[in-house]
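The sequence and the structure come first.

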Amino acid sequence: MRSFIHKSLSSYIDYIETRLGRVIIAIAIITLGASAVASKLAIKSDLKELLPNNYQSVKELNRLLERMGGVETLIVTAESPDFEANKRFMDDLAKELQKLPPDAIRYVDYKSDEVKEFYESNFLYYIDTAELASLYESVKRRINYEKLKRTPLFIDFTSEAPLLSDVEGLKNKYQKNYSSPVQTWENYYGGEWGRMLIMMIRPYGSTLTVDKARRLIAAVENAATGLNPAAYDAGMKIGYCGNVKSTVEEYDTLKKDIFSTTFLCISLVSLAIILFFLRIRMVFILALTLLVALSLTFALTYLFFGYLNTQTAFLGSIILGTGINYGIIVIGRYIEERKKRKEPAESLKIALNATFSSTFLACVTTAISFFILLTAKIKGLSQFGIIGATGVVLCWLSSIIVLPAIMLAWERIKSLVKTGIIPERKSVVFTVITKRVVTSPQKIIACGVALAAASIFLAIHFIPNAIEYDFTKLRNKTSVASGTEALEKQVSQLFKHSMTPAVVLVDKIEDAPKICDAVNRQNLANPESERRVGSCYSIYNLLPEDQDKKMPVLEKFRRLLKNERPLIAKLDKDLQQKISKIQKSLTGRKITLDDMPAALTKHFEDLNHNKGAVVFVNPRPGMLLSDGRNLTKFADTIKDIITSDGKTFHAAGASLIFSDIVKIIRNEAPFLAIASFLGVLIFVAFIIKRWKVSWVITATLFLSTLIMLGIMALLKIRLNFFNFIALPLTFGIGIDYSINIAIRLMHDKMNNVDNALRHTGMAVLLCSLTTIIGYSVLLIANNQALVSFAAIALIGEIVCITMAIILVPALMALLKDLKTTEYEKTAEVIPVLTNTAAD
């Protein structure tokens, strides 16, 4: 097999040397075509894209989008000390928005005139049955008194007329039973005595794309700006929030993070390469090599998936930081051969053959850690695994196939290397390490074991609380900096229920009250401390309660006032006004859904204007769904709703999606981490086939993992839906360093540790540095979940490279009694990163 690979690589170099122009043109065409395809990739920041389409929460959310167009809302706020100015601005803005295309806005909601008018016309239906009866008796007594007072023989012994119940007080008392969904100030949505008014804008459509959301925000902003808010009040501030605004902000932040982190990653990796090779041209050679691999990777991503999600969007930096290592190794060995005055083609043959096995092993172990993610139930993670593994393999193939062609082409333009004596680089660090390893390896090993033991102690206390349940730590910094998040918190205080309730779709309107009954029953079945549902609202909650009990009293009321109409006309104006308000509420029939004002029923309509199509379930007031524990308990209560007649309904919403993600992470994170750990170790043991070397590599990775977990525990870095993938990736990438250093030491039979570390150690340091850069640039991202991923990955990378350079030589020093033949056989299995540019 080894002979076959050697002949194949040599034949390939001979082929491209004679047909270099054609090969370069073919590479260029493939790269341009792949780049064109990759440029079509969309970015989806919706959390539902992380879960499989067959998940109940995803299916229900898709149904909701199809029937309701979602529940997205753009909220506009107007703030100034002058309520009248705020009111005029909102009225004028509503008029301006009416001029927009009819398919842009479904409806605008900012005041409760229609609701108030309906309530005042029907307030008797909404007061308590006992108080309704009391009001009737009060009116009846007063009418009897007025009738008696007008008789000739009337003598008033009390000198005071019977009091008529406070009609206005009753109206105000029970207005909470039937009012707008938002606090009002003189019929306008808002609070703070009218100093802040809000307008809710619901977009129209089956789903709201980022482009549609952006156009809607731009149209509303242009309309508001065109009104010149300062003309209403010099201090007026106009703000925007709601999930329409946050959708665009999250998308823009994601794109900005992708480009900024990728650019910074390229810049820093380029600087590292220049400092290592002392040649700027190597940056361009490696850049062209990686461009081919990355273009193909994301072209295939488009063909198979069509988009990137919040987890895969940053794979470019990760693949770049990892995949560049293969090219660095090949170039390093190539430069060494060229300095020996060998021809470019011959140097490439030697470099490829010398580095093929080691780079292949590094590629496979990294790919294994990615492929393990394919078993994850989270769709975003499985896509992350597929794209990551594909990218790593393509980077390796590009270093074998594309890199030689680019280097030969560059050599024909200008020589890459000045031939002559190879300069020797000295390293104080490696000299000190060598001295410690040779003289006292036991102390180094003891320190490593002690650190691991301390890490175990920290981890034991940390692991039970290792999942991040505080979702406020996962938000993007842009929303905080822009004030959107703060404004949304302020606005949420004005809503009487949650701004983002869970939604249950209803096919038959008569099922709506049954669903609420079932939700309340399931909530009450939990212990009081475990109840997370606050209320359930269907369109039937708009109707007055106990109408059957109230109708006889209302009918008596109606007959009384009808029969006493002549008398009432003679009463003083104050009494007439009170009775007039009562008469206005006496319609003589029950109130039905058809009587409801559109200002309220529209919230329960689907896109086809079917009334009562949804039921809203709100979390308990004061309970934060940003706490994952509350979120999962809330979701568990309502995800499967079984009504009294045996029908099953399912709630939909972001809370259900997020709850599923949290549960999957909690259940799968340990399995994925262990599977990756064992997977790379089994592969290494299978390839190396020497148990003592495998033992050194296994022990190093095991201790590195414990120390990594200990540092995470010490820094209190918890696992979330994104960052836990750093664990399997660390095993696949970090083990490469131990492998190469262990095999190099075996190759040199531990006779010259300083030389081995200076040569191979410098090479793996550069490889680790590019990976560290790939992770480090993610620390500047606005997405805090991504930042936590970078932090864990950095900890793992630094620990792995440190342990590889320090612990591996110490462990190997204890194995000096190995037979020479075993060294030689092991060395033959995997050529190492020897004689690289570090020479």
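Helices (H or I, at least four residues) and strands (E, at least two) are DSSP runs, numbered from the N terminus. The model described here is predicted.

## A residue in a loop

S538 sits in the loop that runs between β10 (533-537) and α19 (547-563). Is S538 buried or exposed? Its relative accessibility is 1%, so S538 counts as buried, the cut-off being under 20%.

With neighbours within four places in sequence left aside, the contacts of S538 are A512, P513, C516, F604, V614 and V615.

## Nonpolar cores

The largest nonpolar core holds 231 residues, and I638 and F789 touch the most other members. Helix α28 (residues 784-813) contributes the most to this core, giving 19 residues.

I638 is in contact with A502, V519, V533, V617, A651 and L656, again leaving aside neighbours within four places in sequence. There is also a second, separate core of 28 residues; M90, Y188, M199 and Y232 are among them.

## Cavities

The model has six cavities of 30 Å³ or more. Of its 13 lining residues, N325, A362, D736, Y737 and C767 are the closest to its centre. Two or more lining residues come from each of α11 (315-339), α12 (344-371), α26 (726-747) and α27 (753-776). By class, this lining has eight nonpolar, four polar and one charged residues.

The second largest cavity has a volume of about 50 Å³. Its lining includes I467, E468, F658 and N720, and by class comprises eight nonpolar, one polar and one charged residues.

Definitions and conventions. Residues are numbered from 1 along each chain as its sequence is written. This is a predicted model: local features need pLDDT of at least 70, side-chain atom pairs count only at pLDDT 80 or more; totals for chains, interfaces and linings use all residues. Side-chain values use heavy atoms; hydrogens and water are left out. A nonpolar core is a set of buried Ala, Val, Leu, Ile, Met, Phe, Trp, Tyr and Cys residues joined through side-chain atoms within 4.5 Å. Buried means under 20% relative accessible area, exposed over 50%, partly exposed in between (1.4 Å probe, protein chains only). Contact means heavy atoms within 4.5 Å. On a 1 Å grid over the protein atoms alone, a cavity is a set of points where a 1.4 Å probe fits but cannot get out, and a pocket is an open set with protein on both sides within 12 Å along at least five of seven lines; lining residues have an atom within 4 Å of a point. Grid points are joined across faces, edges and corners, and a volume is the space filled by probe spheres set on the points. Ala, Val, Leu, Ile, Met, Phe, Trp, Tyr, Cys and Pro count as nonpolar, Asp, Glu, Lys and Arg as charged, and the others, Gly among them, as polar.
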